[in-house]
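Me: I would like to learn how to read a few structural features. Could we work through them one by one?

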Amino acid sequence: MISRHRRSRLAATLAATTASLLVLAGCASGSGSSDAGPDANAEIIVGSQNEPTNLDQIFGGSSGVTEVFTGNVYEGLFRITDDAEVEPLLAKETEVSDDGLTYTFTLEDATFHSGDPLTAEAVKYSLERFIGDDSIAARKSQLSVIDTVTAVDDTTVEVQLSAKSISFTYNLGYVWIVNPEAGDLTAAADGTGPYALGDYRKGDSITLDVNEDYWGDAPANGGVVYQYYADPTALNNALITGAVDLVTSQSNPDSLSEFESGDYEIIEGTSTTKELLAFNDRVAPFDDVNVRKAVYSAIDREQLLDAIWDGRGQLIGSMVPPSEPWYLDLADNNPYDPELAADLLAEAGYADGFEFTIDTPESGVHSTVAEFLQTELAKIGVTVDINIITDDQWYEKVYTDHDFEATLQGHVNDRDINFYGDSDFYWGYDDADVQTWLADAEQADSVEQQTELITRVNQKISDDAASVWLYLNPQLRIARDGITGVPENGLNSLFYVYGIQEA
Amino acid sequence: MLLLAFALAVVILFVVLRLLGNPVFALISVGATEQEIAAAAARLGVDRPIPVQFLDYVVQLARLDLGTSFTNNLPVGDEILRRLNVTLPLTLLAFLLSVVIAVPVGFIAAWRSRTWYGTAFSAVSQLGGAIPVFWVGILLVTALALNARLFPAGGFPRSDWEDPGAAIFALTLPVLTIAIVSGSDLARYVRSATLDVLGQQYLRAARATGQSFAGAFVRHGIRNGIVPVISILAIQLSTTFVGAVIVERVFALPGLGDMLLVGIQEQDFPSVQGVLLFSTTLVLLLGFVADVIQRLIDPRLRASVSGNRMARAAA
Amino acid sequence: MSVTVLTEAERNPRSRDTRSRRPRRRTSVNLLVGGVLFGIIAVVAILSLVALPFEPSDTTGGRLQPPSPEHWAGTDRLGRDLFTQLMIGARLAMLTGVGAVAIAAVLGVLVGLVAAMAGRWIDDALSSLLDIAIAFPTLLLAMLVVAWRGASLESAILAIGLAGSAVIARLTRVTATRVLAQDFVTASRTSGTGTLRLIRLHVLPNVWPTLIVPLALQFGGAVVAEASLSYVGLGSPPPNASWGRMLQEAQSTVLVAPTAAILPGLLLVATIIGINLLADGLRDVADPTGRTLR
């Protein structure tokens with residue numbers, strides 16, 4: 001503990017000294033630890049813009065809470081690796097009944113940070129909490145197939161499903177096992193992970209202390225601090241001046257050139273965040289496939305991606321990024337072709353174009369994208385009105401009330417193609433085949449069968465231009481030289497910090 | 001009067017905030033169902049009729065309780081106190097520095113208004129007052145933090161004031177940013193007040209009786225000239241406090257301004273209400289104190305009927 | 001921030017300050033420099049209505065280009081011409097100033113008159129309402145307005161105008177109360193002059209001169225306030241971006257494309273100094289004795 005405190009003060013002082021002093025100090029600490037290899041006691045300071053609203057995943061903690069807690073402070077029965085594989089975590093052994101409806105888990109011998117042992121009761125409590133009435137967790141509906149949870153004995157849990165669910169264990173990877181004794185978790189934490197919650201300073205930072213009694217392998221560092229910045233420039237400045245060791249997500253490609261020297265490493269992984277122009281498929285003219293395809297083909301997405309991400313990131317042609325098993329290269333399925341677009345419009349009876357409004361959330365890049373679309377669509381005679389709304393208004397007007405013509409949104413979740421199987425979803429895509437395939441896929445006996453079915457869905461929604469999938473965001477992380485073990489990919493904001501170390 | 005103003009502030013804030021939107025939409029994410037949204041509203045208590053919510057709030061306030069945050073259930077009062085660790089020193093230091101800058105600059109600009117440096121001082125104060133505060137911040141960060149690496153570009157020590165040196169160090173640039181802008185503003189008032197005093201008959205009369213200029217100025221000038229300056233100081237102090245919102249954003253400081261901006265973004269009504277009520281009360285109190293001091297100094301104001309408000313409006 | 005400038009207006013309505021010592025030559029210098037600075041911006045603003053070097057939405061300029069003979073101020077991320085945006089910015093700055101001042105003047109004078117002419121109870125209530133309104137920071141008011149109406153230039157103008165109106169109302173009330181208490185007004189009242197006529201004949205002619213300078217200063221204050229709002233993301237988005245918004249967008253690329261982070265700021269400062277000097281000059285011209293109503 002003492003050494004960590006000294007380090008953090010050292011870090012603070014470092015940030016404040018001149019560049020030359022920085023170099024000197026760097027040399028000094030480098031030579032001190034070079035014999036012993038990486039410094040396992042080093043405190044890693046992570047800069048992020050994604051501060052959680054609160055600390056509980058079931059009550060609006062949003063993706064920021066995943067970034068800090070999942071896998072670090074809390075663990076699930078399973079873990080989803082950086083390569084999107086499912087592997088057992090707290091569930092040492094798993095048995096599935098022949099009908100695929102009964103799962104029996106044998107638990108690892110782990111303890112919570114408070115000292116209480118991990119029990120089957122705790123698992124039962126955690127699963128029921130996740131799908132309970134109070135929960136607004138992001139994956140709640142997918143896990144609602146859970147019928148009953150029974151604590152067979154202290155280390156054995158039996159889960160009864162109401163229907164077969166091939167992605168059950170995958171989804172369990174996101175469910176935290178929490179200590180039932182801990183009570184309200186919106187500003188506290190008690191999990192089984194390699195780190196315990198240290199300090200929570202809303203608007204500033206979250207400190208994770210190493211859990212000395214961790215049941216698994218000890219982390220490669222001596223603790224992690226998430227330092228939050230509301231402003232991207234402030235975050236950049238923090239990295240430049242050494243106030244943080246790495247940033248989890250760089251949203252501004254233009255400042256990358258500042259980090260292209262040898263003092264930093266730019267880590268480009270794939271994210272699962274898709275920028276969508278989502279139509280309201282229920283209303284005219286977007287209930288017409290040809291209109292949707294015309295709009296799609298009128299947009300030069302290559303230029304858009306270049307403007308927003310300076311060529312990084314990737315063009316996609318459907319809801320599926322390459323990291324998912326049912327990926328197909330559909331980027332050219334609706335090619336950029338203004339003439340084709342004009343023909344399609346004429347075919348649909350809108351030869352003279354039409355006018356529509358894009359409800360644009362004020363956050364992030366959406367307004368820039370909207371302006372670009374305005375210019376592009378004007379070329380085929382379509383007039384775009386931009387209506388800037390707040391994120392909350394988006395949830396009210398677009399998401400809940402379906403009161404919109406088209407909107408822009410960045411969809412961050414992995415494996416979220418299933419939203420196209422729900423005709424009540426905000427974009428209102430309604431296709432009987434897609435709904436059947438997705439339902440069957442979830443009930444599939446094998447991953448191959450599941451993959452085959454969802455691949456079909458993938459092709460179909462792309463052919464129908466159910467939405468315009470503009471591009472896939474890159475996942476750009478930047479680390480100071482000497483920091484290694486940073487996870488590459490941004491799978492649904494997961495960010496395991498236990499492997500990060502300072503040389 | 002102060003109480004009436006406070007009561008009005010409570011009502012207005014409460015009503016206006018409730019009209020803005022539903023805080024539930026700040027908590028949910030894509031995939032949430034209608035039942036989940038309803039359950040969340042019930043948990044926050046925002047599904048009840050507004051008069052009921054208001055009564056609840058008033059009862060709570062009467063117990064000096066600002067309630068708990070909608071998002072993380074922490075007491076708003078405690079959170080405000082924690083944030084004051086940053087905002088209060090920031091405001092006070094910036095205010096002190098701006099006074100230290102403004103008084104000599106303003107005085108010399110007036111006293112030596114016909115010399116080149118007097119004119120230069122006037123011009124500088126015009127310039128400083130015309131720059132948006134965030135731009136000053138950006139320029140200072142670029143020059144002194146990113147290029148010269150003399151100061152941190154932003155942030156505040158996680159240990160708060162455990163290490164006062166580090167805390168002061170972190171506040172240096174933000175304090176400088178505010179002081180440049182509000183010091184320039186203040187200098188213009190000081191200059192104006194000094195010119196005013198210098199041109200008055202009583203000063204000439206005093207000098208005619210054989211007092212030195214300095215003696216006359218100190219004895220009669222300051223006493224007269226300071227009356228309008230005091231209310232300006234109060235206003236400046238309030239302005240500095242409020243202006244900290246933007247400066248905190250530029251320098252990523254976890255102060256009250258950040259709490260407010262994030263609170264608005266997350267529709268966390270109790271937090272927004274708490275911060276606004278706190279800052280409004282503070283500003284009103286400052287005005288009140290300024291009035292009292294003014295009346296102590298200038299006996300003429302004591303006689304005025306509705307002294308408090310008239311004095312301030314006329315000052 | 002803005003509040004400073006707004007309240008300065010009320011502090012200094014009379015400004016006996018300079019007359020006795022400052023030579024008149026300086027006065028005309030203020031007027032001249034202010035007039036020229038402000039005039040240039042105003043001309044650019046009007047020009048932007050007639051002709052622009054590029055279409056504001058023309059994205060063919062290439063990404064973040066430095067200034068060149070073709071693009072005098074370079075281009076932004078989407079390849080749009082920055083000089084064009086700066087010209088539009090001038091127009092928006094003028095619009096912000098004029099709009100906010102108009103709202104502040106109309107609303108402020110109305111409320112001030114009502115407070116001055118109504119009974120004591122209404123006067124007291126209105127006055128404490130004004131106290132809160134003045135204590136309530138412009139920025140926060142603007143956030144509430146934005147949350148209510150959405151982020152746009154109109155929201156910002158409305159909010160800034162509303163905030164400014166409280167100061168104007170208080171000033172109007174003070175002046176109007178004094179006028180109404182004067183003997184000739186009481187005489188005119190007893191002889192049966194109607195309220196509206198009274199206001200038109202006696203009150204307004206005395207109120208306006210005291211408001212000219214504060215309103216001119218509010219113009220500058222409004223432009224700064226809008227820039228600050230834009231900085232926290234509450235202004236109008238490009239291609240019709242205000243200078244404040246342009247600064248905010250350019251801030252993240254300050255090391256790569258510094259022109260975009262400097263030019264809008266310089267123009268902002270020029271505009272505000274221009275209007276402030278103009279206000280100083282106007283004060284001396286409109287009120288040469290410095291003794292209006294005092």
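**Reading the folds and contacts**

Reply: Start with the order of elements. Read along the sequence, chain C goes α-α-α-α-α-α-α-α-α-α. The model is predicted.

Me: How many helices and how many strands are there in chain C?

Reply: Chain C has ten helices and zero strands. Next, look at burial. Of the 294 residues in chain C, 59% are buried. Then look at sequence separation. Take the contacts in chain C between residues at least 6 apart in sequence: 73% of them join residues at least 24 apart.

Me: Now a strand. Is β1 of chain A buried or exposed?

Reply: Count its residues. Strand β1(A) covers residues 44-48, and five of the five are buried, so the strand is largely enclosed by the rest of the structure. Then check each face. Ile44(A), Val46(A) and Ser48(A) are buried on one side. Ile45(A) and Gly47(A) are buried on the other. Both faces are therefore covered, given that a residue counts as buried with 20 or more other C-beta atoms within 10 Å of its own.

Me: Which strands do bridges join to β1(A)?

Reply: Look for bridges, then direction. Five bridges join β1(A) to β10(A), residues 224-228, and the two run parallel. Within that pairing, Ile45(A) has Val225(A) as its bridge partner. Two bridges join β1(A) to β11(A), residues 246-247, again in parallel. Here Gly47(A) stands opposite Val247(A).

Me: How do I read a helix pair, such as α7 and α9 of chain B?

Reply: Take distance and angle, then handedness. The axes of α7(B), residues 164-198, and α9(B), residues 213-250, come within 10 Å and cross at roughly 160 degrees. That angle makes α7(B) roughly antiparallel to α9(B), because angles over 145 degrees count as such. The crossing is right-handed.

Me: Which residues make the contact between α7(B) and α9(B)?

Reply: From α7(B), they include Pro174(B), Ile178(B), Leu186(B) and Tyr189(B). From α9(B), they include Gly221(B), Pro228(B), Ile232(B) and Val247(B). By class, this contact has eleven nonpolar, ten polar and two charged residues.

Me: Last, the interface. How many residues of chain A are in contact with chain C?

Reply: Count both sides. 18 residues of chain A are in contact with 18 residues of chain C. On the chain A side, the elements giving two or more residues are α7 (232-240), α11 (366-378) and β14 (383-389). The largest share, six residues, comes from α11(A). By class, this side of chain A has five nonpolar, nine polar and four charged residues.

Methods
Residues numbered from 1 in each chain as written. Chains lettered and ligands numbered in written order. Predicted model: local features only at pLDDT ≥ 70, side-chain atom pairs only at ≥ 80, totals over all residues. Buried ≥ 20, exposed ≤ 12 C-beta atoms within 10 Å, placed from the backbone. Helix = DSSP H or I, 4+ residues; strand = E, 2+ residues; numbered from the N terminus. Pairing = 2+ DSSP bridges. Contact = placed C-beta atoms within 7 Å. Nonpolar A, V, L, I, M, F, W, Y, C, P; charged D, E, K, R; others polar. Axes fitted to C-alpha atoms, helices over the stretch in contact; angles between N-to-C directions. Parallel < 35°, antiparallel > 145°, perpendicular 65-115°, else oblique. Left-handed = near helix turned anticlockwise from the far one by under 90°.
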